[in-house]
Amino acid sequence: MTLGDGTLAVGAGRPAPEKGAPPLPGPVFAAYYHLPGEPTGPYTYGRDENPTWTLLEAAIGELEGGAEVTSFSSGMAAVAAVVLSQTRAGDVVVLPDDSYMQTRSLRERLESYGAQVRTGPTAGDAQLRLLDGARLVWLETPSNPNLDTCDIHRIADAAHAQGALVAVDNTLATPLGQRPLDLGADFSVASDTKAMTGHGDLLLGHVATRDPKLAADVRLWRKTVGAIPGPMEAWLAHRSLATLPLRLDRQAENALALARALRHRPEVADLRYPGLPDDPAHDTAARQMRHFGGVVSFTLPDEPFAERFLSSLRLVTQATSFGSVHSSAERRARWGGDTVAPGFIRFSTGIEDTEDLLADIHQALTKAGQAGEVGQ
Ligand SMILES: *Cc1c(COP(=O)(O)O)cnc(C)c1O
């Protein structure tokens, strides 16, 4: 029987009911486990395994459509585990040039280890042209923060024909929004700090794969570098998964309503949301995604306008994350590093009531415009 997302999410990774046992056992805080005699596992030492991770990893594996999952202390720990465990000196790695900033920063490290790095944009499946002799191809779709998409199936087929492995950063979509492994990728990787856990109170990441050898590589990497999740974070994450489908539905609903409203505002340029039927990313997104996510990007006239807009919002906090139940936004250019205009806004929709959110955004845009006129 194939379960719906809601049914899947509430039951994922929960142990079979047992009289007197809690439905989801609490976090297990242990640096070591009693271990007389032969050191047989799974629970030997706290850096190797933990029962709270085991349950969370089983849950995420179910959401990924069946996969072996290794959880990490952060999304970057998960990204680095795949990239650095799979690359040797002389290997060719293909990265998107518009990926999450920190992923791109792995380029320098890879090159210092003697690997060759090629980069190309996400849009138009441009990485297809860089596959010759590659060992690992990294995709991020939709990309962050520009929200371009690429065809995972198409690139994975071409990469496999060259003998390359394919990893997808699936942070924005989550496994209920897009299943990279079903689309042919070897690794589905995510920062679970974002929409997956959605409450803005923890950092976590995971790697999912259906290949036992690749899973073992990633698990050994975690043990070697010690990038392990805290039991409290793992337990909070597992608890959060039950509401993932509800949160994703509402975030996507708010994002679409926001995108539709912004298109009528004269201050707004370069509006992007993969869920808008005429967005350049829509066709690919519609083929491979089941939710279009809760991130909308757009450009306001200039930096002062964008700053006035952000500080005039009442329901939306300024923060550099996305996927939370609370809406947040930021002027992305403040970090440098992304190729975005000074007035570029990355907006993450939470689960507030749509009308309240839209009203807040309209008043903030109007206020930002008026203040500009007064100042001139
Ligand atoms: C946030 C993010 C990461 C890094 O995750 P952390 O949990 O902050 O380490 C990686 N990829 C994408 C697309 C992200 O948005």
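Helices (H or I, at least four residues) and strands (E, at least two) are DSSP runs, numbered from the N terminus. This is a predicted model, in which local features need pLDDT of at least 70, side-chain atom pairs count only at pLDDT 80 or more, and totals for chains, interfaces and linings use all residues. Residues are numbered from 1 along each chain as its sequence is written, and side-chain values use heavy atoms, with hydrogens and water left out.

**View 1. G46 sits in the loop between α1 and α2.** Is G46 buried or exposed? G46 is buried because its relative accessibility is 12% (buried means under 20% relative accessible area, exposed over 50%, partly exposed in between; 1.4 Å probe, protein chains only). Leaving aside residues up to four places away in sequence, G46 touches A30, A31, Y32, Y33, W53 and I228. Contact here means heavy atoms within 4.5 Å. D338 is 292 residues from G46 in sequence, and their C-alpha atoms are 38 Å apart in space.

**View 2. Helix α8 has buried residues that pack against other helices.** The buried residues of α8 are P231, A234, W235, A237, H238, S240 and L241. Their packing partners are α1, α2 (51-63) and α9 (244-262). An α-helix has 3.6 residues a turn, so residues three or four places apart point the same way.

View 3. About 2800 Å² is buried between the domains, with 55% from carbon and sulfur atoms. Buried area is the accessible area (1.4 Å probe) that two parts lose on being put together, summed over both. In domain 1, M101, P145 and L147 lose the most area to domain 2, together 21% of what that side buries.

**View 4. Polar contacts and salt bridges link the two domains.** The rule finds three salt bridges across the interface (a side-chain nitrogen of Lys or Arg within 4 Å of a carboxyl oxygen of Asp or Glu). R272 and D148 also meet through their side chains in a salt bridge, at 3.0 Å, N to O.

Definitions and conventions: Polar contact = N/O pair within 3.5 Å; in protein donor to acceptor, adjacent residues only side chain to side chain.
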